[in-house]
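Q: Could you take a close look at one part of this model for me, the sheet and its surroundings? I would enjoy a connected walk through it.

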There are 4 protein chains.
Amino acid sequence: MLRKKLKSFIESVLEANLRLPREGLVFGTWGNVSAADRSLGVVAIKPSGVPYAGMKPADIVLTDMEGRPLESRLNPSSDLPAHLALYRAFPELGGVVHTHSTFAAAAAQACRAVPCLGTTHADYFHGDIPVTAPLARSEVSRDYERQTGEAIVRTLRRLRRKPLECPAILVAQHGPFTWGKTAAAAVESAVVLEQLCKLAALTILLGGRWKPIPEYLLDKHFLRKHGANAYYGQRDDSGR
Amino acid sequence: MLRKKLKSFIESVLEANLRLPREGLVFGTWGNVSAADRSLGVVAIKPSGVPYAGMKPADIVLTDMEGRPLESRLNPSSDLPAHLALYRAFPELGGVVHTHSTFAAAAAQACRAVPCLGTTHADYFHGDIPVTAPLARSEVSRDYERQTGEAIVRTLRRLRRKPLECPAILVAQHGPFTWGKTAAAAVESAVVLEQLCKLAALTILLGGRWKPIPEYLLDKHFLRKHGANAYYGQRDDSGR
Amino acid sequence: MLRKKLKSFIESVLEANLRLPREGLVFGTWGNVSAADRSLGVVAIKPSGVPYAGMKPADIVLTDMEGRPLESRLNPSSDLPAHLALYRAFPELGGVVHTHSTFAAAAAQACRAVPCLGTTHADYFHGDIPVTAPLARSEVSRDYERQTGEAIVRTLRRLRRKPLECPAILVAQHGPFTWGKTAAAAVESAVVLEQLCKLAALTILLGGRWKPIPEYLLDKHFLRKHGANAYYGQRDDSGR
Amino acid sequence: MLRKKLKSFIESVLEANLRLPREGLVFGTWGNVSAADRSLGVVAIKPSGVPYAGMKPADIVLTDMEGRPLESRLNPSSDLPAHLALYRAFPELGGVVHTHSTFAAAAAQACRAVPCLGTTHADYFHGDIPVTAPLARSEVSRDYERQTGEAIVRTLRRLRRKPLECPAILVAQHGPFTWGKTAAAAVESAVVLEQLCKLAALTILLGGRWKPIPEYLLDKHFLRKHGANAYYGQRDDSGR
């Protein structure tokens, strides 16, 4: 039973990782998806520097919630400590993704939060896409990957953002992290984020301003999809 | 007979919806196409939040012209009231499309009408691609989707634009709506609109000005394709 | 014998037309390729408004060098008179292409000649990519398509450009025409032109200047490929 | 034995060349990859002006380290002398690539070094992507291709860059050269370079500054992947 649950958990993490190249979000071995099963006390993540093509369930690396290896053949993604910091800080998270997807990485390099420029954005984020401060020398020189995760947590808390209403952040001078209740939801956030950053870039090119839409429009779109009275999509009993 | 007509009508709406992902105009479950058959008094539209892959005729939602459901299993697209406002205002329309296609959504976010910058544009629009005013708080808080449709109708009337000579509009801070005599024609408009917005963005990048071509060139191109003396394409009896 | 020659001529024009959608240079029924066989006194061109998919040799329209139909079922592309003006003016031309390919059409809309910004450009054009003046009202109101061709001829002559050393032009507010010794060469020019206009747009985006490379570098690259002492590629007897 | 080694060497060069079109880095016959086997005293390179489709091992041209032909049927790429200059100057190089890939060629046309704007860049380059000075008239008029290679060598030496920590350069007004220990590594550099130049262009578009990240972040990323204490990827005995 437990064995079956673990097997299906690992497969979901593999499948989430494999969606990254299919969606054009990664190049080579870049990017990684993890998931946490808190009932099992297990985190599963992509192995470091291993190509996506031909990746098998046995390649997915298992650790405990502190990142200690659980009989895995391969090294975990070197970004694992950043993922763990997010799982520790936010119990509602079940999946985390890190990519260098093109438009989101460019926005991270620009070190600018992306304001909510339209309803496409408002359908997924209840506010802007935040950016961390650049990491200080001391944060880079020691426990760099963990400090990256802590910087994300600190930024979300300072801005009083709820992670599930703000499913992504730009790490300044680096790239995006995204998350969700599951690995699949975290990858969905990564796909949406890339499109939103692309829309923002093209809005500027077309002469638009770097200024958010009114809050009433933001609320309307976010809440018709995610609020208690959401009316987008099908009733849960519709079979979809 | 009626049954057969209805079946073929539904299939045309399904096919029009399925063209959206093929043309790269939508992501995930975004976007929707509807059609109205005024002789039957029926509107058919994509179901809300349902993926395109595997969509079947039975998934298409039928309503009357006021949006009252006609024995359908699924909820209609939440944008249905915007479509209905267009059908009510303009009897010549048989199909309506809403997407967040990349360049058109960016232009909508930029809140700027796209002037006719060249003959590619003039082949399809007899003038610029208009943009609505941003919706007011009162329009968003109540009957938002219907108000979106009303804002489109109001803008076209204020600008004295004939819908079939201006087959698209940008809803400010949101995205495009397009239309035509049929669902297929409305999707064609959506494809053309995306390309025109892309051309406009690249024209700016290449140092061009945001200024329309002379009216005599606009008329020439629009009318050689659409006027009473159109001479583009084949005679109707050519079998094409 | 003549029949065989004509058949192969028509097939080459069909094949050249079909390369346009394969290269992503056209959308829908946009664009057209023609070829002239001066020994036969025949011009072959794409039919007007006919989709590329499923196009057959019998759909290609034949005319004499003045554009008078030679027993063809379909109407020729409405741009035929522009093609004919080019064939009349420049006996060295055997193929002409008109597209609205994205970056080239954007450059045409920007109404700016594209300077030779690098050696990629210099490998194909002995100088900038010229742009015509916008057409005057009188040129548009009467024999518009022929006047478009005449404007191209006039511009090339005024700039003293040899057509085979300048295989494309941007018609202001409209789009590109390209040409070559054959229909296949003209399509090759269309593909190259699109890439050069894309490179120019991105050079600007990356902070480059709108200023040509030195003439000695232009000459070097153009002549190592096209001059009497060209040394690029294989000897003609190499079997390639 | 030697025969087998040579065969496998030629096949690796063919395979490296064929990756260029697969990665979208070249158009038509553009671009070329070479490799040097210093133990054999042999350089293998793409033939000049020959299409990638259908290229066979027998088409790869072999020369000695001075570029003298070794019983090959075809002419080598006309850029061979530039490749040879790199092999002569830097004994650590085993593969060299020249392309006109879109974003890298645009950066070369812009004549600007690309600063390290983020960690994606720092994972591959220990500093900026340098640009040569434009070639002088005398360098172009005589032994142009060799002078291009010498300009690259001179620029790297002047900037005190180690080739394996700076696996690419932009030749001003021309395009990129990349390199590595093998032909495959050089092509990998070409793929990465294109993505880094694209990121740089989009960073500007999104309002970022043309300013490198702090040196401590640059060092951290470069060295976690390439330094003596690199911890990215798998142990060499992991079978990967």
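A: In chain B, strand β1 (residues 32-37) lies antiparallel to β4(B), and four bridges hold the pairing. Strands here are DSSP runs of E with at least two residues, helices are runs of H or I with at least four residues, and both are numbered from the N terminus; two strands pair if DSSP finds at least two bridges between them. One position to look at is B:N32, which stands opposite B:H98 in β4(B).

Before going further, please keep in mind that this is a predicted model, where local features need pLDDT of at least 70 and side-chain atom pairs count only at pLDDT 80 or more, while totals for chains, interfaces and linings use all residues. Residues are numbered from 1 along each chain as its sequence is written, chains are lettered from A and ligands numbered from 1 in the order in which they are written, and side-chain values use heavy atoms, with hydrogens and water left out.

Back to β4(B): this strand also has four bridges to strand β6 (residues 175-180) of chain B, again antiparallel. There, B:V96 faces B:W179 as its opposite number.

Chain C lets us view a whole sheet. Its six strands make an open, antiparallel sheet in the order β3-β2-β1-β4-β6-β5. At the edges are β3 (61-64) and β5 (168-171) of chain C, each pairing on one side only. On average, neighbouring strands of this sheet are turned by 20 degrees against each other, direction ignored. β5(C) joins strand β6 (residues 175-180) of chain C through four bridges in the antiparallel sense, and C:L170 has C:P176 as its bridge partner in β6(C). Helix α7 (residues 183-205) of chain C packs on this sheet and touches β1 (32-37), β4 (95-98), β5 and β6 of chain C, with its direction at about 140 degrees to that of β6(C). Contact means heavy atoms within 4.5 Å; axes are lines fitted to C-alpha atoms, for helices over the stretch in contact, and angles run from 0 to 180 degrees between N-to-C directions.

Chain B and chain D do not touch either, with nearest C-alpha atoms 10 Å apart.
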